[in-house]
Amino acid sequence: MKELKVFGGFFRRDDRVIVAATSQRQAAEIIGTSVGVIKKYFAITGNAKEIEKAISSPGTVFVLKNNNDVNGEYVERDKK
């Protein structure tokens, strides 16, 4: 089984999003964007809070509730 990585980046309207996935391709599919966007605007996060949240539910996209608050709460993004 491939190891999960937590990808974090800014997506549409400057929303900070995170997702636990095994690859950039998988992260792109889950978020609903291209691999190019993931490569350009996302990185594997080292933030312990983000890692804990995303790993708790792999494949779920979480959005930072208040981008201006460094300690803001991540909430599950509405499914499309």
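1. By "buried" I mean under 20% relative accessible area, by "exposed" over 50%, and by "partly exposed" anything in between, with a 1.4 Å probe and protein chains only. On that basis, 32% of the 80 residues of the protein count as buried. Bear in mind that this is a predicted model, where local features need pLDDT of at least 70, side-chain atom pairs count only at pLDDT 80 or more, and totals for chains, interfaces and linings use all residues. Residues are numbered from 1 along each chain as its sequence is written, and side-chain values use heavy atoms, with hydrogens and water left out.

2. Now the overall layout. The protein has three helices and five strands, in the order β-β-α-α-β-α-β-β from the N terminus. Helices (H or I, at least four residues) and strands (E, at least two) are DSSP runs, numbered from the N terminus. With contact meaning heavy atoms within 4.5 Å, 46% of the contacts with a separation of 6 or more are between residues 24 or more positions apart.

3. Helix 1 spans residues 24-31, and its buried residues are Ala 27, Ala 28 and Ile 31. Those three sit on the same side of helix 1 because they cover an arc of only 100° around the axis, the arc being that of the directions from the helix axis to the C-beta atoms. In general, an α-helix has 3.6 residues a turn, so residues three or four places apart point the same way.

4. What do the buried residues of helix 1 pack against? Their partners are strand 1 (5-11), strand 2 (15-21), helix 2 (35-41) and strand 3 (42-44). On the other side of helix 1, Arg 25 and Glu 29 are exposed. Just after the helix, Gly 32 has a positive phi of about 95°.

5. Leaving out residues up to four places away in sequence, Glu 50 touches Val 6, Arg 16, Ile 18, Thr 45 and Tyr 74.

6. Arg 16 also lies over the face of Phe 10, 5.6 Å from the ring centre; the criterion is NZ of Lys or CZ of Arg within 6 Å of the ring centre and within 35 degrees of the ring normal.
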